[in-house]
Amino acid sequence: MNLSATPRTLVVVAHPDPGSSRITVGLADAVRDLDHVTVHDLSAAYPDGRIDVEREQALLRAHDRIVWQFPWHWYSVPAVLKTWIDEVLAYGFAYGTGGTALHGKTLRLVTSTGAPEEAYAPDGRNRFTMAQLMAPLDATAHLTGMRLAEPLVLFGARLVSDVELKAHAEQYRTLLAA
Ligand SMILES: Cc1cc2nc3c(=O)[nH]c(=O)nc-3n(C[C@H](O)[C@H](O)[C@H](O)COP(=O)(O)O)c2cc1C
């Protein structure tokens with residue numbers, strides 16, 4: 001943990017098809033120029049889908065705050081981020097004997113959904129709240145010694161106007177700059 005200087009933030013952007021993305025790519029572009037922020041787009045870094053685990057682990061070690069930025073797919077993270085989690089958060093690095101590399105870091109989930117916020121409720125179409133559905137990610141943060149920050153969720157992505165998206169991007173910038 002880098003206590004003496006400004007915290008460094010790594011934004012891991014995980015979209016399976018950035019060419020079709022309005023929200024994820026738009027939000028990533030909105031924070032790219034911030035000081036102390038590294039925007040790391042998995043699709044651009046690994047067009048063949050093969051993740052360089054050592055490179056990813058070195059990036060994680062070099063930052064204090066980690067952001068996973070992704071579209072909400074099937075009540076979870078997209079496959080590209082699940083594969084990244086499976087491979088990068090390895091035994092001896094992120095958990096298990098000697099696995100302390102992420103201890104003391106902060107993890108923030110930044111995501112967007114197609115469904116509106118009211119669908120994510122016990123009596124709504126999706127039956128569960130986002131906090132409930134994010135429980136496996138909360139457990140992942142806990143096991144790996146990271147503090148889970150308040151997630152930033154943009155609901156009803158398809159109906160979000162350009163003005164609303166810009167306001168949300170400003171909120172995201174403010175969070176990362178804090
Ligand atoms: C394969 C797939 C699965 C999706 N699953 C969900 C879902 O479980 N819940 C939901 O609210 N939206 C779901 N959506 C909608 C996306 O979350 C939404 O289109 C996305 O957040 C928009 O961001 P983008 O412009 O970066 O793609 C899904 C979309 C796709 C393509």
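1. In this predicted model, the lining of the second largest pocket consists, by class, of 10 nonpolar, 3 polar and 2 charged residues. The volume of this second largest pocket is about 260 Å³, and of the 15 residues that line it, K82, I85, P136, L137 and T140 lie nearest its centre.

2. As for secondary structure, α4 (79-88) and α6 (135-143) each contribute at least two residues to the lining of the second largest pocket, with α6 providing the largest share, namely 4 residues.

3. The largest pocket holds about 460 Å³ of space, and among its 20 lining residues W72, H73, T113, G114 and R158 are the closest to its centre. Its lining divides into 8 nonpolar, 9 polar and 3 charged residues, and the largest pocket is the space that the ligand takes.

4. Around the ligand there are 16 residues, of which S21, T24, W72, S112 and Y120 are the closest; by class, this shell comprises 8 nonpolar, 7 polar and 1 charged.

5. In Y120, by contrast, an N or O atom in the side chain is 2.7 Å from a ligand oxygen atom. Of the 630 Å² of accessible area that the ligand has on its own, the protein covers 73%.

Definitions and conventions. Residues are numbered from 1 along each chain as its sequence is written. This is a predicted model: local features need pLDDT of at least 70, side-chain atom pairs count only at pLDDT 80 or more; totals for chains, interfaces and linings use all residues. Side-chain values use heavy atoms; hydrogens and water are left out. On a 1 Å grid over the protein atoms alone, a cavity is a set of points where a 1.4 Å probe fits but cannot get out, and a pocket is an open set with protein on both sides within 12 Å along at least five of seven lines; lining residues have an atom within 4 Å of a point. Grid points are joined across faces, edges and corners, and a volume is the space filled by probe spheres set on the points. Ala, Val, Leu, Ile, Met, Phe, Trp, Tyr, Cys and Pro count as nonpolar, Asp, Glu, Lys and Arg as charged, and the others, Gly among them, as polar. A residue is near a molecule or strand if one of its heavy atoms lies within 4 Å of it. A polar contact is a pair of N or O atoms within 3.5 Å; within protein, one must be able to donate a hydrogen and the other to accept it, and residues adjacent in sequence count only if both atoms are side-chain atoms. Accessible areas come from the Shrake-Rupley method with a 1.4 Å probe; for residues, only the protein chains shown count as cover. A molecule sits in a cavity or pocket if more than half of its atoms lie within 2 Å of its grid points.
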